[in-house]
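Here are some notes for a colleague opening this structure for the first time. They take the sheet, then the helices on it, then the ligand.

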Amino acid sequence: MPAPRRKRRRPDVAVLRVGHRPGRDPRLTTHLALAARALGASRLFLHPPDPELADRIAAVARRWGGTFGVLGVSSWKPVLSEYRGGVVHLTMYGEALTSVLPRIRRAPRLLVVVGGAKVPAALFEDADYNLAIGSQPHSEVAALAVFLHRLLGDTPPSRFRGGEQRIIPQRRGKRVLAVRGRNPG
Ligand code: SAM
């Protein structure tokens with residue numbers, strides 16, 4: 001009889017966004033946080049801090065469930081040096097996703113770093129992996145989304161326990177249920 005297949009443990013993935021410009025690109029960083037949350041990351045470190053943005057994401061998490069949160073950091077270097085896990089910097093100049101994925105798949109914890117308009121050169125040295133989602137320029141939201149989905153696959157609904165409402169997928173139209181008590185996911 002074939003041995004039962006063991007379920008692969010998903011790594012805990014935190015995201016660090018470096019070079020956010022509060023007041024200038026709140027929409028882009030909000031989309032980055034929303035994509036991180038929906039696609040399975042556990043939290044977003046935001047440099048520099050932006051309390052208004054963090055509050056908006058907290059409101060989304062209250063409504064739609066889960067424990068994702070945004071933590072403002074005034075300096076990004078200590079986040080990398082104090083992180084107990086692999087550090088993956090997403091950059092178009094890095095190694096191909098397909099060559100890095102097998103090396104990081106089994107890591108228990110990963111910190112994924114994405115840049116903004118200007119990326120500090122030290123990031124390339126401080127990261128364990130510089131990883132490209134194709135060697136063409138695009139966007140931090142697209143790069144993070146592709147990376148998380150390739151690493152984690154579909155996000156199980158159980159990650160979003162405790163929300164106030166949940167969507168019932170429909171072929172057409174919208175159906176949203178108010179959740180009374182605990183959302184079982
Ligand atoms: N001009 C910046 C630089 O010096 O690299 C890039 C800015 S880009 C708009 C912002 C962020 O998107 C990058 O720091 C990187 O994290 C991500 N990004 C853009 N294209 C990427 C790609 N092909 N692969 C991986 N990440 C990418």
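This is a predicted model: local features need pLDDT of at least 70, side-chain atom pairs count only at pLDDT 80 or more; totals for chains, interfaces and linings use all residues.

In which sense do β4 and β6 pair, and over how many bridges?

1. Pairing of β4 and β6. These two strands pair in the parallel sense, over five bridges.

2. The whole sheet. The sheet is open and is formed by six strands, with parallel pairing. Reading across, the order is β3-β2-β1-β5-β4-β6. At the edges are β3 (69-72) and β6, each of which pairs on one side only. From one strand to the next, the twist averages 30°. As background, the strands of a sheet pair through backbone hydrogen bonds, and the pairing can be parallel or antiparallel.

3. Neighbours of β5. In the order given above, β5 stands between β1 and β4. Strand β1 (residues 12-17) pairs with strand β5 (residues 109-114) in the parallel sense over six bridges. Within that pairing, Asp12 has Arg109 of β5 as its bridge partner. As for β4 and β5, they run parallel and are joined by four bridges. Here Gly86 stands opposite Leu110 in β5.

4. Helices against the sheet. Helix α1 (residues 26-38) packs on the sheet and touches β1, β2 (43-46), β3 and β5. The direction of α1 makes about 175° with that of β1. Helix α4 (residues 97-104) lies across β4, β5 and β6. The angle at which α4 runs to β4 is about 165°.

5. A peptide bond to check. Which form does the peptide bond from His47 to Pro48 take? It is cis, with omega near -10°. Most peptide bonds are trans. Pro48 is placed in the loop between β2 and α2 (51-64).

6. What surrounds the ligand. The ligand is surrounded by 18 residues, and the closest are Leu90, Ile133, Gly134, Gln136 and His138. By class, this shell has ten nonpolar, seven polar and one charged residues. At least two residues of the shell come from each of β4 (86-96), β6 (129-132) and α6 (140-152). Which element gives the most to the shell? It is β4, with four residues.

7. Polar atoms at the ligand. An N or O atom in the side chain of His138 is 3.1 Å from a nitrogen atom of the ligand. A polar backbone atom of Ala117 is 3.4 Å from a nitrogen atom of the ligand. On the oxygen side, an oxygen atom of the ligand lies 3.2 Å from a backbone N or O atom of Glu140. On its own, the ligand has 570 Å² of accessible area, and the protein covers 80% of this.

Key
Residues are numbered from 1 along each chain as its sequence is written. Side-chain values use heavy atoms; hydrogens and water are left out. A residue is near a molecule or strand if one of its heavy atoms lies within 4 Å of it. A polar contact is a pair of N or O atoms within 3.5 Å; within protein, one must be able to donate a hydrogen and the other to accept it, and residues adjacent in sequence count only if both atoms are side-chain atoms. Accessible areas come from the Shrake-Rupley method with a 1.4 Å probe; for residues, only the protein chains shown count as cover. Ala, Val, Leu, Ile, Met, Phe, Trp, Tyr, Cys and Pro count as nonpolar, Asp, Glu, Lys and Arg as charged, and the others, Gly among them, as polar. Two strands pair if DSSP finds at least two bridges between them. Axes are lines fitted to C-alpha atoms, for helices over the stretch in contact, and angles run from 0 to 180 degrees between N-to-C directions. Contact means heavy atoms within 4.5 Å.
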